[in-house]
Number of protein chains: 2
Amino acid sequence: MQPRFGLTADLIFSREIPDELRPELDRAVEEANTVIFRKGVPKDAPTDEIGLITGYAIAGPVLTVTFESGGYTRAHDALFRFRKQIAGLFGRHRIGLREIVVVHFRVELRGEVPEGLLLASLPFVRSAEVEPDRIVLELAVTAADLENRIPDRLIRLVEEKTEAAVYGGKGEHWELLYESPKRGFRFREDPTQEMIRRGWIKHALSRGQWIHGPQSTRLFRAFEALVLEEIVGPLGFAEMIFPKLVPWEVWVKSGHAKGVYPEIYYVSVPKTRDPAYWEDVADHFKVTGEVPVDMIREKIDGPIGGLCYAQCPSFWPFLGGATLTNDSLPARVFDRSGTSHRYESGGIHGIERVDEFHRIELLWLGTPEQTVETADLLHERYRRLFDEVLELEWRSARVTPWFMAQEGMLGGEGASERIGTTDYEAYLPYSDSWLEFQNVSVNGDKYPRGFNVKVQSGGDLWSGCSGIGLERWTAAFLAQKGFDLDDWPAGIRRRFGDAHEIFRFV
Amino acid sequence: MQPRFGLTADLIFSREIPDELRPELDRAVEEANTVIFRKGVPKDAPTDEIGLITGYAIAGPVLTVTFESGGYTRAHDALFRFRKQIAGLFGRHRIGLREIVVVHFRVELRGEVPEGLLLASLPFVRSAEVEPDRIVLELAVTAADLENRIPDRLIRLVEEKTEAAVYGGKGEHWELLYESPKRGFRFREDPTQEMIRRGWIKHALSRGQWIHGPQSTRLFRAFEALVLEEIVGPLGFAEMIFPKLVPWEVWVKSGHAKGVYPEIYYVSVPKTRDPAYWEDVADHFKVTGEVPVDMIREKIDGPIGGLCYAQCPSFWPFLGGATLTNDSLPARVFDRSGTSHRYESGGIHGIERVDEFHRIELLWLGTPEQTVETADLLHERYRRLFDEVLELEWRSARVTPWFMAQEGMLGGEGASERIGTTDYEAYLPYSDSWLEFQNVSVNGDKYPRGFNVKVQSGGDLWSGCSGIGLERWTAAFLAQKGFDLDDWPAGIRRRFGDAHEIFRFV
């Protein structure tokens, strides 16, 4: 959208501005409008797009200045250029600039505006007019807010909301990449129900959470062994341990802080670990037999962050701020050291949708070409694994948010058009539907940029990741293969071994 | 301590109590005092210890009754016996009991009282007198509180605080069980510092949290392989997956709710996962670049519980409420599926004291004899592992809270005296100190009782657990063996393989 800015600010000085400075001030404004505000502006930029002082007045120690601009040397940038200029000028007369008070800041965005856009409650917005062909925002901002690039971020947010209003309802663009051979199915039940019936799993006491008995765990470990032997080993992924509690700083840098909030399990810490501070909570429990949640709520700080959601962001502080040698690339690592947690929509789901789950996360870095090559090698090996070893009916598809697909934001040539995610889906005979059971993503420079990681060559550093969800593999495999081990492919039957029963009940 | 109770209650009826009922009431009180309150009381109980109605009066529809007792048919139990009796008697005259209001409830505890006991802020306590030889508590309770056994729990808590005041400062009773041969040490540095220097680990962004690079992770996995080959396999522990988010209900049943609060990482959930509800939080971040923690705090419920602290409580709902067949026992399982988290005391520690750590937890159930036998088999195998494979300088010691040691609470014969914990400690040359690096506990019937698990035979069901801390093993091993692989025992060098470097920095 085309922006226009209008800004009025009071520049407050250390003493009255004497009348005899008026001519110098006039010359300074003239110089600002004709020289200083034009620095760095392309020659062919329309004149009325460039920042301009359109009025100024002196009242005692206060110089009130009004700026207008389009997209070049925007009004707030013009203000700071003028500040530097005028501070130097007045400083020579021993008049110091004490403070800048923003009296008025107005942003107008011209372009097609979808209906129903709600902007009045955005941070820093004093009022908002939304018309079919323009948006006008009056902002309540300080000079520090302007220096802190609040208007830029606010405009980006408004544009994002405009896009979401246009394309948001359309979800994802879905493009089939591969479809496996069809399979015959002898088992057509819900595998979760059968796992419960056989005592393989039992509902734990928090929502979307299961306790896995020995048989279910053996199946997980059989899948894990396959991943190690068929993928991780041959492609040389080295195991690391990524932390599982994620402080805000990680999500700020990974970009998850932009929108992950509805699905997070939040983590808070004690205000102090002094046992005396907590004695009344313990006493309450000991006397009533009930945990006093409201008392605890008052005694904890935070939240400081949340539980692992995506698995790879926690890796990045290992490299944060560093420059890798060229020969470190491509680098391939993986993590399988703990649980991930998502606050999923309510109701009863099977093991294919859970709040607490187990995932093997592969992560790789390299030049754009190396990053895409690793993704291709993974696709090739996954395909062999699912077609020849696990003998599943599955497909893969490239998924792209609609507004990106629409606007050609993935455009560009070569590696760039490979940025995005490929979902792997398995057919579930019992519900005649498809289950996303893993994915492969090429993330471009998003993470290296967010965590400030560079490569010696000075070239682009990219990364990718692939999350292998063990609950999802289990759901897909059991839904298609059932519970008769004789129907299972040899590669998994052998690794599963004897279904060993530990607990028998009266 | 010797208790005495005094209770005055108003029994409020549906209409005025007519005078002509007075003789029947007198007879009922006489019967209560001489027959009903004596039911179930041992013959040799001192008469003044048994509940007694010491006064009663009628005022309109209200019958005010005063009860006194020592430890037999305590005043509040006497109240409910009398309620049943009088409700039946008056009911025959169509006078219904509407409500019981506790006017006054007083508990006196006689015995030696340590100085400095603070009781006035305990729940339900209206006032507390603490004297050298007695405690007098006036309680603010309802009849429902009395039925809910509030006074019993309160008295137990006061006794606990008395014990803690006497023995609390003394910490643990420590009794050496085994001491390994002395070893020579060529490395005398802090292993954490050396791991950082070599790029094996890097501080993550939350406190007490590390990211483990490939080399450190290989050492973890080498230890894990040793545990699987030398302990888990030969003793037949079957792998399970225990949940890692722990809701209150689990800690209520495991007993951790009595005091774990100062060290918990608390978990809260969104009030709703409706994206519109969270949009202002996301908008705030997008505009300011900062996560609005205070806004989030208002939008989350709970805490619903916390992160895994001890690892075994989450197992128990798998068996909760069930009765095991006799031939299920002994049962042996283990979990290594995720992280544990403790809010440790502040300051910088190495990997030997961390907030987020990785532990292999062994858990077993059986008759008391089977449970102790498993513990003994573990001790034997651990000893061989540390002496012959890892070649550590270590020792084991039985640790007992002082008040338990003092009061012979572990007394009894045979298996019972084996209830408790054995700590394993390794010598740290760099600090000339000992580090607890794992433990073995025999927990008696604590968990089966808490989670209502029974055995077919009707006999005692016990359990035990042993936590193998991989960070602690690593700290102990590297502190003694250093970083020159030629100095490492063959069994670990072989499993560690080549120290593979993935990331090199400019």
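# Exercises on a predicted two-chain model

Asp280(B) and Lys299(B) form a salt bridge in which the closest N and O atoms are 3.2 Å apart. The model is predicted, and the exercises below start from this pair.

## Exercise 1

Locate the partners Asp280(B) and Lys299(B) in chain B, and state how exposed Asp280(B) is and how exposed Lys299(B) is.

Step 1. Asp280(B) belongs to helix 8 (residues 275-288), while Lys299(B) is in the loop between helix 9 (293-298) and strand 13 (300-307). The partners are 19 residues apart, and the pair links distant parts of the chain.

Step 2. The relative accessible area of Asp280(B) is 34%, so Asp280(B) is partly exposed.

Step 3. For Lys299(B) the value is 11%, which means that Lys299(B) is buried.

## Exercise 2

Find which salt bridges are joined through shared partners, and which residues take part.

Step 1. The structure contains 69 salt bridges over all chains.

Step 2. One network is formed by Arg221, Glu224, Glu239 and Arg336 of chain A together with Arg221, Glu224, Glu239 and Arg336 of chain B.

## Exercise 3

Step 3. Asp327(B), with a relative accessible area of 53%, is exposed.

Step 4. For a further case, take Arg359(A) and Glu361(A), whose closest N and O atoms are 3.9 Å apart. The cut-off for a salt bridge is 4 Å, and both of these residues are buried.

## Exercise 4

Determine how chain B is related to chain A, and through which surface the copies meet.

Step 1. Chain B is superposed on chain A by a rotation of 180° with 0.0 Å of shift along the axis, at an RMSD of 0.1 Å.

Step 2. The two copies are therefore related as by a two-fold rotation axis.

Step 3. Gly338(B) is the residue of chain B that comes closest to this axis, with its C-alpha at 1.8 Å.

Step 4. Because 100% of the interface residues of chain B are also interface residues in chain A, the copies meet through the same surface.

## Exercise 5

Classify the aromatic pair Tyr382(B) and Tyr424(B), and state which elements it ties together.

Step 1. A search of the whole structure gives 72 aromatic pairs over all chains. In this one the ring centres are 5.4 Å apart and the planes are at 65°, an edge-to-face arrangement.

Step 2. Tyr382(B) is in helix 10 (residues 368-389) and Tyr424(B) in strand 19 (residues 420-428), so the pair ties together parts 42 residues apart in sequence. Both tyrosines are buried.

Step 3. Phe386(B) and Phe437(B) also pair edge-to-face, at 5.0 Å between centres and 80° between planes. Phe386(B) is in helix 10 and Phe437(B) in strand 20 (residues 433-442), so parts 51 residues apart are tied together. Phe386(B) and Phe437(B) are both buried.

## Exercise 6

Which charged side chains lie over Trp278(A) and Trp434(A)?

Step 1. The charged end of Lys299(A) is over the ring of Trp278(A), 5.9 Å from the ring centre.

Step 2. Over the face of Trp434(A) lies Arg395(A), at 4.0 Å from the ring centre.

Key:
Residues numbered from 1 in each chain as written. Chains lettered and ligands numbered in written order. Predicted model: local features only at pLDDT ≥ 70, side-chain atom pairs only at ≥ 80, totals over all residues. Heavy atoms only, no water. Least-squares fit on C-alpha atoms with pLDDT ≥ 70 in both. Contact = heavy atoms within 4.5 Å. Phe/Tyr/Trp six-rings, centres within 6.5 Å; stacked < 30°, edge-to-face > 60°. Helix = DSSP H or I, 4+ residues; strand = E, 2+ residues; numbered from the N terminus. Buried < 20%, exposed > 50% of the residue type's maximum accessible area, 1.4 Å probe, protein only. Lys NZ or Arg CZ within 6 Å of the ring centre and 35° of its normal. Salt bridge = Lys/Arg side-chain N within 4 Å of Asp/Glu carboxyl O.
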